[in-house]
Amino acid sequence: MRRKTSRLMRGLAVLSVLALGATACGGSDDDSSGQKPVSADDVQAALKKGGSVTVWAWEPTLKTVAADFQKKYPKVKINLVGERSGDKHYTALSNAISAKKGVPDVSQVEYFALGQYSLTKGLTDLASFGADKLKDKYTPGPWNAVSEGDKVYGLPMDSGPMALFYNKKVFDKYKIAVPTTWDEYVDAARKLHKADPKVYIANDAGDAGFTTSMLWQAGSRPYKVDGTKVSVDFSDAGAKKYTDTWQQLIDEKLVSPINGWTDDWYKGLGDGTIATLASGAWMPANFTTGVPNASGDWRAAPMPAWTKGDKASAENGGSSLALPALGKNKELAYAFVEYANSGAGVQSRVKEGAFPATTAELKNDAFLDTEFKYFGGQKANTVFADSAANVADDWSYLPFQQYANSIFNDTVGKAYVGNTKLADGLKSWQDASVKYGKEQGFTVE
Amino acid sequence: MSDTSSSLPTAARPAPAPDTGGARRAPRLRTRRGRVPGRPRRSVLLTVLTGLVLLYTVVPLLWLVISATKTQEGLADSSGLWFADDFALWDNISETFSYNDGIFVRWLLNTLLYVVVGAGGATLLAILGGYALAKFNFPGKRGVFAVVIGAVAVPGTALAVPTFLMFSKMGLTDTPWAVIIPSLVSPFGLYLMWVFATEAIPNELMEAARIDGAGEIRTFFQVALPLLAPGTVTVLLFTTVATWNNYFLPLIMLKDPDWYPLTLGLDAWNNQAQTIGGDVIFNLVITGSLLTIVPLIAAFLLLQKYWQSGLAAGSVKE
């Protein structure tokens, strides 16, 4: 729901052009607004003239950014609506777009969901504002997620290179070494659970974002998108590596059957019954407010490797700010997005705990030297930045990933509760995704 | 004296204190415990069952009250049914009201608006309709009866989506009207008022009023309405509770958080815990929930007797 990254599909450009052609015949004037080049002077003039911008985004650090932006441009009013997140946010956004009413000027869109909106021409191409020239400011992963060819559908707000968070207190108590490979991880899971049956190495009750990130790291590339041709295949070697390992944890009941993001989960992270968490680099902020009682217990380590010495990592989560095609005040909206995700806003957001997608911040000494009080003074950003540099490439999500994720629990989820094997669960997820893709008019193999 | 009475340990007997009001006229206190003609004997089984139901209903409430005194830290650290080391109820309450520029107050006022206009209007319409159906004969009355009974059987949730589509065409979604207008209709309230009005207003009284020269409007307001008071309170309570707790209808109707009722607002706060970098405020969600149910509990306690008499309305045919 909130922690996946995606890369835009190659076929997008083709589809967008087709869609553009179709609507252009209808004589709609909506198309032109996003495609006309807008110069920096135009944006400056708009800022001087003033106006209001409605922003739908739940990212908490944007509050400060909006306040700073309004201070800098007193004539601009930022109306930040942040009460909705995840699925509810996308439902509201899709509804507004199809009703052509109440569409926000700026919307937060997670990387995995960008394809869905740009494919249906729901987003403004920011290259017309010169956003394509910002490419070098961002790390390759997030930039690939927001861009397609010379089109740019959003500016990356944050990123989620994965790390293994572990409860040092628990590991020290049972004198278990922090795993550096997934085989060691399974061993550690057995030892921990044997030492104290209440302690689990991790929680996992079936989570599409986590599973796809794990497949990503294991070298599996289940989704291939080429034009309108899409393929889904969970039977490659990487997927097998993942299912073989994870099946052991499920069979031996070594993972706690708690769903992520629930109060049980926060409690488990706090009381030591969930000993590790493989997650994105944005996790420290949630640790600090959600699990304040375990301050000092946790540390961050690199992701365990699939073969010893392999440094490959993956992304988990992260989102961008995009301009819905039907939004108004595009110049002001773009000015805000640029301020928040490329300008002065980045530093204020990093200060409040966001994990940047910009290279300058990731290489900044002050950033790398930041000591996390929550992690007992550890300079955790070095771990995250290292992971960001080692994110395996070529991963893509489906252009209907949001739907696919929504049926994850009906298919793969069965492996967690019944006799279904994880590999069989993935197979039925594959079949269901293929079926849906065909219904949507994709050529699916 | 029965066995039950004599086998009671002395400590369990009521002290012969004057504070037991019912004992004033009873010469012997023991009779209260014994088998009195017309009063059923105490059943151990029933007492235990009632006790269980009491626990079942009170424990969640107790949990809520206790948890509202804890900080986010205390919530994770301590057992659910006892207090944590630090007592943070007052901090939680003031933070609930001030969090995010006091949006909770706005949601509270929204809920009040929906209840006053929606539930108040629903009650008014139910009284008018129920009175008319009970006391006037007109063609198609049986048809109205069938429609009302049918409407009682359809849960409001099932109608929410069609209502949304209709309101969307009328351009009413995302306005307070989208919540208020559907709340104005309460088939169950109408049916209750209908039955109640049939019983509570003697036809002779209406005849008398008419003979004395009162018009229909005056008869309604000065003769019928006072007699309908217990039923009115019952319907008002029903509709108030329904509107106060309404979640699904506002969820699909409202996009703008400025128009959220408390139910949606608390849900939004709860969801903050599920977002990257989100501020986890379970303590405020819990305190907010407690503050949300306090007015309802107060309304129940104050209007309890009407509620009971209204519930029994029409159950016995005299």
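**Entry 1: one residue of chain A**

I looked up F287(A) and found it buried, because 25 other C-beta atoms lie within 10 Å. For the term I used this rule: a residue is buried if 20 or more other C-beta atoms lie within 10 Å of its own, exposed if 12 or fewer, and partly exposed in between, with C-beta atoms placed from the backbone. I note that this is a predicted model, where local features need pLDDT of at least 70, side-chain atom pairs count only at pLDDT 80 or more, and totals for chains, interfaces and linings use all residues. Residues are numbered from 1 along each chain as its sequence is written, while chains are lettered from A and ligands numbered from 1 in the order in which they are written.

F287(A) sits in helix 13 (residues 283-290) of chain A. Helices (H or I, at least four residues) and strands (E, at least two) are DSSP runs, numbered from the N terminus. Which residues does F287(A) touch, not counting residues up to four places away in sequence? I found W298(A) and Y374(A). Two residues are in contact if their C-beta atoms, placed from the backbone, lie within 7 Å. I also checked Y266(A), which is 21 residues from F287(A) along the chain; their C-alpha atoms are 8.4 Å apart.

**Entry 2: a sheet in chain A**

I traced an open sheet of five strands in chain A, with the order 2-1-3-14-6 and mixed pairing. Two strands pair if DSSP finds at least two bridges between them. Strand 2 (76-81) and strand 6 (155-156) of chain A are the edge strands, as each pairs on one side only.

I then followed strand 3 (residues 106-110) of chain A, which runs antiparallel to strand 14 (residues 319-322) of chain A and is joined to it by four bridges. S107(A) has A322(A) in strand 14 of chain A as its bridge partner. Helix 6 (residues 111-119) of chain A packs on the sheet and touches strand 3 and strand 14 of chain A. The direction of helix 6 makes about 120 degrees with that of strand 3 of chain A. Axes are lines fitted to C-alpha atoms, for helices over the stretch in contact, and angles run from 0 to 180 degrees between N-to-C directions.

**Entry 3: chain B**

I read 15 helices and zero strands in chain B. Of its 318 residues, 30% count as buried.

How many residues of chain B are in contact with chain A? I found 19, and they meet 31 residues of chain A. Helix 4 (72-77) and helix 14 (262-271) of chain B each supply at least two residues of this side. Helix 4 of chain B gives the largest share, four residues.
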